[in-house]
Amino acid sequence: MVDEMETREAMKNKGYAVLKKLEDNCLLENAGNGDSVEMHDAVRDMALSIISTNPRYMVKAGMQLKQLPEGEEWTMDAVKISLMENSIGELLLAVKCERLTTLLLGSNPIKRISDSFFLNMPCLRVLDLSSTCIECLPNSIANLKNLTALLLHACTMLRNLPCLSKLQGLKKLDLCYTRLKEAPQGLEFVVNLKYLDLFDLSQGITLPIGLLPKLSRLQFLRLPLRSCVKAEEVAQLEKLEHFEGSFKDLSEFNKHVQLSPPARTLSNYQINVDLPEFVSSYDKVIRIEFGLLGDAILLPTDVQSLLFSGCQNLRSLSEMSSLKYVVDLRSCHLYGCGFEFVLSSFCSSWTSFRTLEKLIINGSPKLCELIKAEGFAPEAPISAPPGIFSHLKKIDMHRCPKIRKLFPHWLLANLQNLEEIVLWYCDQLVEVMEPAIPVDEYDENGIDTIKIILPKLRKLELGFLPELKSICGKTRILVFDSLESIEVHVCGKLKRIPLSLPFLDNGQPYAPPSLKIISSSEKWWESLEWDHPNYKEVLQPHCQFSKYINYSPPFIFV
């Protein structure tokens, strides 16, 4: 449906446009997960009925077949055949399909393929054997000179491939999650290759030095997680648009940033420096594990997600000079770092945090505050740097034993997009939000100083905070128009939930429509003090009490 175009990005955009048009005309519908579409059953049945009498197509996907269709069903005129998602275990027929261009056999428990199976398929262009149980492919694969796509994704038993040197028309090779340990023989001759996926969580395939520059037309390259690549070789791939790979150290990573061709713009990248895989929903991700991190690091200006692990020699991210040039940072995860604070208001690097959506801090024993207010005269009022954290949606903090107050009062006005606050095991945390000290109920601009309004906050989760006494001071109240859940576990000194509930015309409060659950121990719930005598009764139906909390740190998504 989409002709080949100059770039993958252009083809993707064209493909999305085609899918949107089909969906708008009710030929496709949302699959329910928000990420994919599918044919309605009635439309699919009608399409299958139309092609059932056409000898050019054979579609028997998902029909619980245990063996291949009989030989006479493999007609000479067949162009496209789909036998996906069946229970076929062997491909032993010698079929003659001289016009066949597409053969889909994925998601079958295929273990054996005879060498004669592919001998009479000279026009085959797309072969999909993904998610099968094959350990090796027959040598006859090597003679499919018109093959453009060989898909072996998740063939977890595959250990050997025949020589690929004759497949010079091959443009897509997917070997993700196989057991291959070496690059396929003859891969250096597949010079028209545009898509190469070798990803694996283990050591995976090791590429010989000098191979990548020979594949100069690559647009998509995904390498094994623990197999490092040379920056000089990646730099020679001038058509590359999507890159996922690892560099052995910070020096090699910096070299990659320096050597990237000016005319090349990576639309997607996931780059690791000595750090295991973390899941990310962003297109441009850098993950770095090191004990020494500082001014030497060079960051791409378009990076969207940063993960630093084990940084011990900096007081804050503000000491990283290249950070100030980052223009679209969305997610920042700090794991096991020795920072005393995240940012300084006096340093220009705070500008990168105006676009930040997620801030995740895990295991930072020295952290005392998020933003250190510096550069203000002794008597001057402190103000937040313009726009900082104004796009922040989630803050997640675990095991930061020294921090006492999370948000200073001068930062609260910037948190209008905040949706989630998650705090666990912060031993000295006393207060979540530091309230300003008002002279009156309203300040000189007529702004209410008693209410703290966070209009988009959906989730408040507090766990194992033994010194926590207040969420926002003794007299302030929080206005949460979107609040869905409150979880409080083992916070014995917290005696007040400072909620501002709506009221009926008769003056009685009611629970906000968005509220779904309050999770805590019954003992803590009964110990609470309330701002209104009826608040407890109104909120009680939303409570779920638990005696024991079996908690383990979550897997962090960056």
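## Basis

The model is predicted, with local features requiring pLDDT of at least 70 and side-chain atom pairs counted only at pLDDT 80 or more, while totals for chains, interfaces and linings use all residues. Residues are numbered from 1 along each chain as its sequence is written, and side-chain values use heavy atoms, with hydrogens and water left out.

## Ser-318

Ser-318 sits in the loop between strand 16 (305-309) and strand 17 (331-335), strands being DSSP runs of E with at least two residues, numbered from the N terminus. Ser-318 counts as buried because its relative accessibility is 10%, the cut-off for buried being under 20% relative accessible area with a 1.4 Å probe and protein chains only.

Leaving aside residues up to four places away in sequence, Ser-318 touches Val-342, Leu-343, Ser-344, Cys-347 and Ser-349, where contact means heavy atoms within 4.5 Å. A polar atom of the Ser-318 side chain lies 2.8 Å from the backbone nitrogen of Ser-344.

## The cavity

A search of the whole structure finds one cavity of 30 Å³ or more, a cavity being a set of points on a 1 Å grid over the protein atoms alone where a 1.4 Å probe fits but cannot get out, with lining residues having an atom within 4 Å of a point. The largest cavity holds about 50 Å³ of space, a volume being the space filled by probe spheres set on grid points joined across faces, edges and corners.

Eleven residues line the largest cavity, and Phe-199, Leu-223, Glu-244, Gly-245 and Asn-272 lie nearest its centre. Strand 13 (242-247) and strand 14 (268-273) are the elements that give two or more residues to this lining, and strand 13 supplies the largest share, three residues.

Conventions
Helices (H or I, at least four residues) and strands (E, at least two) are DSSP runs, numbered from the N terminus. Buried means under 20% relative accessible area, exposed over 50%, partly exposed in between (1.4 Å probe, protein chains only). A polar contact is a pair of N or O atoms within 3.5 Å; within protein, one must be able to donate a hydrogen and the other to accept it, and residues adjacent in sequence count only if both atoms are side-chain atoms. On a 1 Å grid over the protein atoms alone, a cavity is a set of points where a 1.4 Å probe fits but cannot get out, and a pocket is an open set with protein on both sides within 12 Å along at least five of seven lines; lining residues have an atom within 4 Å of a point.
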